[in-house]
Amino acid sequence: MEALAQAPPIAAPPAVQRQLTGLSVVLPCHNERENVAAAVAAARSAAELFALDYEIVVVDDGSTDGTGGVAATLARALDEVRVVTHEHNRGYGAAVRSGIRAATMPWILLTDGDLQFDLSELDEFVRRAGEADLVVGRRASRADPLGRRVAAAMWNNLVRVLFRIPVRDVDCAFKLMRSSLVQELDLTAEGAMVSTELLARALASGAAVVELDVTHLPRLAGEQSGGSARVIARALRELVLVGRSLKAAPH
């Protein structure tokens with residue numbers, strides 16, 4: 001059955017020095033029918049290695065390609081998989097917020113359902129979790145088309161300066177986060193601005209942040225939407241709105 005396709009198992013590292021007590025892997029998905037089953041399989045494999053207890057939360061953000069049906073089949077077959085459904089496409093930020101809100105474990109791994117990260121690299125993130133509230137990824141070499149890499153670099157430089165964020169890759173979708181912290185943040189962004197808002201509000205609350213290099217893999221199926229004109233326009237609009245909110249918020 002297509003929905004139960006399995007990703008290659010993640011081999012245990014030579015010495016896993018610690019495990020998280022509980023981990024919610026949050027997978028925001030929009031039109032990822034070709035990827036979602038393998039993404040869930042990879043998340044389960046990593047979580048079994050690096051957490052004593054875990055759940056996989058798939059957020060179907062109004063997909064029109066059957067992603068929700070594949071995710072629902074997985075949830076019926078696997079007790080640790082849950083699906084949060086948006087009736088229509090609300091945006092990446094809304095999907096992230098829904099996933100964070102639905103998580104029940106002490107730690108959240110926020111990653112995307114497009115299979116562009118090697119989840120075995122969670123090993124080093126778990127090792128550093130004792131010293132941080134957020135351990136965030138930094139794509140050592142970004143496997144995206146040139147145009148998107150240039151736009152991402154410009155965006156990163158802009159938000160880092162505006163919001164004084166000491167993180168080089170603000171939008172990297174590989175973030176290990178303490179649930180008790182991020183579930184208390186007043187996140188409002190509906191689109192791509194959510195990553196900036198999350199880091200800015202977390203830092204304003206006094207959170208400790210560690211940034212680690214991660215491998216970025218090319219997308220093999222599905223289509224990217226992060227560089228579309230609609231997404232960029234929404235991000236710029238929310239940049240102004242969230243900026244005003246952050247400026248007005250008590251630190």
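Q: What volume does the largest cavity have?
A: In this predicted model, the largest cavity has a volume of about 40 Å³, and a search of the whole structure finds one cavity of 30 Å³ or more.

Q: Which residues line the largest cavity, and how do they divide into nonpolar, polar and charged?
A: The lining is made up of Val96, Leu110, Lys175, Val194, Ser195 and Leu198, and by class these residues are four nonpolar, one polar and one charged. Helix H7, which spans residues 194-204, gives the most to this lining, with three residues.

Q: How do the axes of helix H3 and H7 cross?
A: As a general idea, two packed helices are described by the angle between their axes and by the distance between those axes. Here the axes of helix H3 (residues 92-102) and H7 come within 9 Å and cross at roughly 50 degrees, which makes H3 oblique to H7. On the H3 side the contact is made by Tyr92, Gly93, Val96 and Ile100, and on the H7 side by Val194, Ser195 and Leu198; by class, the contact of H3 with H7 has five nonpolar, two polar and no charged residues.

Q: What is the order of the seven strands in the open sheet?
A: In general, strands of a sheet pair through backbone hydrogen bonds, either parallel or antiparallel. In this model the seven strands form an open sheet with mixed pairing, in the order E3-E2-E1-E4-E6-E5-E7. Strand E3 (81-86) and strand E7 (209-214) stand at the edges with a single partner strand each, so one side of each is left without a neighbour in the sheet. Neighbouring strands of this sheet are turned by 20 degrees against each other on average, when direction is ignored.

Q: In which sense do strand E5 and E7 pair, and over how many bridges?
A: Strand E5 (residues 134-139) and E7 pair in the parallel sense over six bridges, and within this pairing Arg138 has Asp213 of E7 as its bridge partner.

Key:
Residues numbered from 1 in each chain as written. Predicted model: local features only at pLDDT ≥ 70, side-chain atom pairs only at ≥ 80, totals over all residues. Heavy atoms only, no water. 1 Å grid on protein atoms, 1.4 Å probe; cavity = no way out; pocket = protein on both sides within 12 Å on 5 of 7 lines; lining within 4 Å. Points joined across faces, edges and corners; volume = space filled by probe spheres on them. Helix = DSSP H or I, 4+ residues; strand = E, 2+ residues; numbered from the N terminus. Nonpolar A, V, L, I, M, F, W, Y, C, P; charged D, E, K, R; others polar. Axes fitted to C-alpha atoms, helices over the stretch in contact; angles between N-to-C directions. Parallel < 35°, antiparallel > 145°, perpendicular 65-115°, else oblique. Contact = heavy atoms within 4.5 Å. Pairing = 2+ DSSP bridges.
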